[in-house]
Amino acid sequence: MTTTAPPATTAGPAGGSAINHSRTTATAARVLRQLRHDPRTIALMILIPCVMLFLLRYVFDGSPRTFDSIGASLLGIFPLITMFLVTSIATLRERTSGTLERLLAMPLGKGDLIAGYALAFGTLAIIQSALATGLAVWFLGLDVTGSPWLLLLVALLDALLGTALGLFVSAFASSEFQAVQFMPAVIFPQLLLCGLFTPRSAMHPALEAISDVLPMSYAVDGMNEVLRHTDMTATFVRDALIVAGCALLVLTLGAATLRRRTP
């Protein structure tokens with residue numbers, strides 16, 4: 001007598017790691033609906049980088065060349081910082097409220113969840129980066145030799161990197177205050193060593209070696225390439241690929257370390 005095999009069941013969180021596009025987009029849509037009802041968070045993500053650039057321009061009102069020299073770099077750094085803060089806190093809030101535990105009890109893998117968050121915050125990152133780049137170049141008079149579209153590309157990659165870092169560190173925080181505390185540990189060293197204040201080649205050799213493995217260094221280098229060259233250079237392509245690769249790597253680590261609940 002032949003037996004009939006039981007019907008296959010949909011793999012749950014413990015199943016395969018392949019990302020399901022429908023579940024990913026559904027997660028992204030849910031996150032965007034929640035953010036729509038939180039105007040303060042939207043203002044922080046979209047308006048704060050523009051406000052900071054506006055203030056910086058008129059801080060150096062008597063020295064426009066100074067704004068030109070550091071404005072492009074900060075155009076990438078500000079989105080990275082704001083997306084890091086908002087993403088880490090928002091993800092932690094979902095875990096402490098029990099939302100993540102309920103979602104992961106469904107046929108929703110960690111990869112689907114992380115990809116959905118990245119897609120939602122990445123959508124806002126596009127808006128944020130476009131507004132900040134447009135403000136800096138066409139309103140504040142940021143003088144760049146290369147194409148403003150390349151500035152926008154690097155700014156967007158930086159914002160996505162900030163999103164990835166925020167998703168990653170949220171797994172190690174048990175409160176929103178702890179999530180904010182990760183900023184000095186994760187962001188500030190990169191800010192000091194990225195070449196914003198002094199060329200990396202002028203640093204102590206040990207610090208220069210550390211800066212060579214920090215993604216923000218390549219974000220600043222990429223912005224400087226656009227600032228100085230009319231065409232896309234091989235160095236720019238390398239820097240952009242490194243920033244994008246770091247974002248993908250951190251997102252993968254975030255999916256691997258994501259926890260259902262906060263102890």
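1. Let's start with a close pair of charges. Asp-212 and Arg-200 form a salt bridge in which the closest N and O atoms are 2.6 Å apart. Asp-212 sits in the loop between helix H10 (205-211) and H11, while Arg-200 sits in the loop between helix H9 (188-193) and H10, so the pair ties together parts that are 12 residues apart in sequence. Please keep in mind as you read that this is a predicted model.

2. How exposed are these two partners? Asp-212 counts as partly exposed, because its relative accessibility is 35%. Arg-200, at 14% relative accessibility, counts as buried, since the limit for that word is under 20%.

3. Arg-200 has another partner to look for. Asp-221 also forms a salt bridge with Arg-200, the closest N and O atoms being 2.6 Å apart. This pair links distant parts of the chain, with Asp-221 in helix H11 and Arg-200 in the loop between H9 and H10, 21 residues apart. Asp-221 and Arg-200 are both buried. Taken together, Arg-200, Asp-212 and Asp-221 are linked in a network of salt bridges.

4. How many salt bridges are there in the count? There are 4 salt bridges. One of them joins Arg-238 to Asp-239, with the closest N and O atoms 2.7 Å apart. Arg-238 is partly exposed, with a relative accessible area of 42%, whereas Asp-239 counts as buried because its relative accessibility is 0%.

5. Now step back and view the whole chain. Its secondary structure comes to 12 helices and 0 strands. Buried residues make up 49% of the 263 residues. Among contacts with a separation of 6 or more, 78% are between residues 24 or more positions apart. The chain exposes about 13000 Å², and carbon and sulfur atoms supply 67% of that area.

6. The check can be repeated on H11. This helix has 14 residues and reaches 20 Å from its first C-alpha to its last, close to the 20 Å expected at 1.5 Å a residue. H11 is also mostly covered, as 13 of its 14 residues are buried.

7. Next comes the nonpolar interior. In soluble globular proteins, nonpolar side chains tend to be buried together. Here the largest nonpolar core has 68 residues, and Met-45, Ile-77, Phe-121, Leu-151 and Ile-187 touch the most other members. Helix H4 (residues 64-96) gives the most to this core, with 14 residues. Setting aside residues up to four places away in sequence, Met-45 touches Leu-35, Thr-82, Met-83, Val-86, Phe-121, Leu-124 and Gln-128.

8. Thr-82 is placed in helix H4 and counts as buried, because its relative accessibility is 7%. Apart from neighbours within four places in sequence, Thr-82 is in contact with Leu-44, Met-45, Ile-48, Pro-49 and Gln-128.

9. Helix H4 also holds Asp-68. Is Asp-68 buried or exposed? Asp-68 counts as buried, at 16% relative accessibility. Which residues does Asp-68 contact, leaving aside its neighbours within four places in sequence? They are Gly-141, Leu-142, Asp-143 and Leu-227. Asp-68 and Leu-227 are 159 residues apart in sequence, but their C-alpha atoms are 8.3 Å apart in space.

10. Finally, turn to the surface. Leu-44, Leu-47, Ile-48, Val-51, Met-52, Phe-54, Leu-55, Tyr-58 and Phe-139 form a nonpolar patch there, with about 790 Å² of accessible area together. Which helix gives the most to the nonpolar patch? Helix H3 (residues 48-59) does, with 6 residues. Phe-139, another member of the patch, lies in helix H6 (residues 110-139). Phe-139 is exposed because its relative accessible area is 55%, and the limit for exposed is over 50%.

Note on methods
Residues numbered from 1 in each chain as written. Predicted model: local features only at pLDDT ≥ 70, side-chain atom pairs only at ≥ 80, totals over all residues. Heavy atoms only, no water. Core = buried A, V, L, I, M, F, W, Y, C linked by side-chain atoms within 4.5 Å. Buried < 20%, exposed > 50% of the residue type's maximum accessible area, 1.4 Å probe, protein only. Helix = DSSP H or I, 4+ residues; strand = E, 2+ residues; numbered from the N terminus. Contact = heavy atoms within 4.5 Å. Patch = residues over 30% accessible without salt bridge, like charges linked within 9 Å, V, L, I, M, F, W, Y side chains within 5 Å. Areas by Shrake-Rupley, 256 points an atom, 1.4 Å probe, with all protein chains shown as cover. Salt bridge = Lys/Arg side-chain N within 4 Å of Asp/Glu carboxyl O. Expected span 1.5 Å × (residues − 1).
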